[in-house]
Every structure is written in C-alpha cells, then in structure tokens.
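Please open the structure in a viewer and follow the stops below in order. Each stop states what to select and what is found there.

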Amino acid sequence: MKIILPVEKEQENTDICQSLGRTPYFMLYDTNTGSSEFFQNPASNSPSGAGIEAAQAIVDSGANTLLTPRCGNNAYSVLKKTGIAVFRTIPGPAISNIHAFLEGDLSELDTIHEGRHHGEN
Amino acid sequence: MKIAVLSGKGGTGKTMLSVNLAAVATPSTYVDCDVEEPNGYLFFKPEDVRPEIVSVLVPSADPNICNGCKECVRFCKFHALAHSGEHLIVFEDVCHSCGGCSLICPLNAITEHPRTVGVVESGRSGEVTIHTGRMNVGEAAGLPIIRKLMKKISESGQERIFIDCPPGSSCTVMESIRDAEFCVLVSEPTIFGAHNLEMIVELVRTFDKPFGVILNKRLDGEKDPSEEYCHRNCLPILGKIPFDHELGILNSEGKIASRENGRFFQMFKDIYDHITECVSI
C-alpha cells in the first residue's frame, strides 16, 4: 500500500503542509518497503485549478491513501473516482502521521471545504 | 458612438450617470454590463422584454473512445480536466471554453455541448433601448454575457450607446470598454475614491482610450481628493454632479432624475454635450 501526504520539505520528519493544492512536495510512503520518496507538486504555483491538478498528481502517483489536514471539493471528487481513501492528519511530522495511520489512530476526513478560488477571500 | 461609464469602486454613480445620459441623448441605447448585479432596468422599467439565453461550450468525453492518455488534462492550462478511475472529469465552472481539449484529443473522444451561464434581456423605455446582462447565480465568470452584449450593440447600428460597466478594473471591465470610443470615469470626493480613480485611469490609458472624469457627490466648500488628483495630473474634468438631496431621493425611488426635473435634464444634457465635444475632437 502507498500512502501520500502534502509536505513542506523532502524529509520524513517534515511538517505537513496545510494546503493540499499548494503544497510544495508530496511524500509517498510504501508500506511494503517502509521507504519514502518525494516529488514536487506540479500545482504549487498554478494560477487556476490547483486542487484538481494536485489531485491528478496524487492519482498518477499510484497512492491508495491520502493523509491531509484539509481537502477541497474539486480535489476530493478526483480522488473519489479512483477510490483513494482520505484521512485527517494530526499535529506532528509526516512520519509520525504514517505510524499513527498504520496503528489505526487517524480518522477519515469528513469535512470537505468549498475551496478558495480566484477572486474570493 | 459608444460611451463606457466606469469607476474604480462601486457606488460612485455609474448607473445614475449612464441611465440619465441615455435618457437625455435619445434615441439611444443603455447597456448594463454589471452582470453580477444589473440595476439599470430598475430605472427604465423596460417594456416588451425579450430574453436571450447565453451559453458557453464545455467538453465531455465518450468513455467508450477515451483511452486515458491524458493529453487533454496536460493541455488544459486552467486544470478544468482530470482523469481518474477510468473517467475524464470535467470541472465546468473552471473551464474557459477554449475548445483546445477537443482539438488536442488524438482519438476525437471529446465533444462540446452548451451550458447556460446567463441571459441578455432586451426591451424599450420610450426612445431608449435597454440591454441587461444577467449572470446565473453560482457562476464565476461574467465575460461570456458581456461579449454577447457587445455583439448585440455592434449589430444594432444604434448611434448613441451608453455602456454601464461593472465596478472595479478587472477583466469584465476591460471587456466592457474594449469597443468604446470614449470612457467616462465617475469618481467621488473621498481618498478611497481618488485611489480607485487612479486605478481606472491607468486601465483606460493601457487600452489607449480617450477619457474624461465626472466628479460626483460634490459638497460645496469640501475638499475633493479626486479633483485634486485630476488637477495634479492634468486630467480632463467633464462635469461635476452635486451631492443633491432631490437627486438622491429621485434616484433612491428608482426614478430617472432627468425625466422628472428640468434642472437635472439640463445638468445631464450639459455633461452629454461636453462628452460629444470631446469625442469629436
């Protein structure tokens, strides 16, 4: 199983990024090998549709589960089609969130926000 | 002659001015481009109103033909498309209707179909033709409706057209002034008003439009930061409208001041004559 998280830095003890669409990096953790890889979020500077573009990158990464503090409507509808499960992160670095998830301590993200788009506050 | 009336902020008097200019320059056309909240029709109360639906083209993919190559997803600069779980997902409110995805698809799996975004209502009030653009609730982009309005007036052959622009200096305003031969900038005597006036001066200069300023809500003996800004930059002042109790009452009752009172008819007629002099120079 592969677990993905929006993260600030390319290291396992990184902080989690509060914005799924605008996160600078994604961390992809493989439970079979216990190792992580990192890749840049193509949407981090997109002028439009960042949530959609980031969700496409998550789908394309082959992840089965997303751990994130927040998720917008548009991104969620992309993730849902592939059946990616979305769980809410807890305070702490990325790697401890992975451990918390594997021990069953995270709950599913039940609030999907409208998203903050161009021209809105 | 197409005259656009615009202002950097809302509530400066664009609608009051453009409604009254259209009312004194008959036969004329009044066009409400403030498609998020059109209100000129409240003054004219047009008759014989004919609605025309405005729609844009949005794509959809035939799932039996689409092989998930994602060429369209990569092409769309607005990220209105995603491919997930064997499906092409279209975010219609993000789509800008460029049609590029249907051209780029190697399998021709994408077709476009219309989606309604608003309406243009056309009617008459005396010798004034009124076109009102109205965007559907929940829509994000007013441009397609403004384009439809611009197309209507360019086909009309009407001589005196007054375009009531949306407030601000965003792309909907640019679309509204694009075909205008002259821009009338309405300001109010506040620091905020002067700041926003400066922004639209920059805008109309970018578009190389001749323009002049109307100083609205003038109080005798009070400083007007907008007037000071005009003087500092040698900008042409077309006229001044007083902060007049009677004018305010007529306006708040949805009445057209120039049709109600000869004093206001003369005031707006003078402004209109001044504009026509500037246009013919």
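**A tour of chain B**

This is a predicted model. Begin just after helix H5 of chain B, at B:Gly157, where phi is positive, about 75 degrees. Buried residues of H5(B) include B:Leu143, B:Ile146, B:Met150 and B:Lys152.

From B:Lys152, proceed to B:Glu52; their side chains form a salt bridge with an N to O distance of 2.4 Å. B:Glu52 belongs to strand S3 (residues 47-61) and B:Lys152 to helix H5, so the pair ties together parts 100 residues apart in sequence. B:Glu52 is partly exposed, its relative accessible area being 30%.

Now select B:Lys9 and B:Glu188, whose side chains meet in a salt bridge (2.8 Å, N to O). B:Lys9 sits in the loop between strand S1 and H1, and B:Glu188 in the loop between strand S9 and helix H7, 179 residues apart. Are these two residues, B:Lys9 and B:Glu188, buried or exposed? Both are buried.

Helix H1, strand S10 and helix H9 of chain B each contribute at least two lining residues.

Finally, select B:Arg218, B:Asp224, B:Glu227 and B:Lys240, which are joined in a network of salt bridges.

Methods:
Residues are numbered from 1 along each chain as its sequence is written. Chains are lettered from A and ligands numbered from 1 in the order in which they are written. This is a predicted model: local features need pLDDT of at least 70, side-chain atom pairs count only at pLDDT 80 or more; totals for chains, interfaces and linings use all residues. Side-chain values use heavy atoms; hydrogens and water are left out. Buried means under 20% relative accessible area, exposed over 50%, partly exposed in between (1.4 Å probe, protein chains only). Helices (H or I, at least four residues) and strands (E, at least two) are DSSP runs, numbered from the N terminus. A salt bridge is a side-chain nitrogen of Lys or Arg within 4 Å of a carboxyl oxygen of Asp or Glu.
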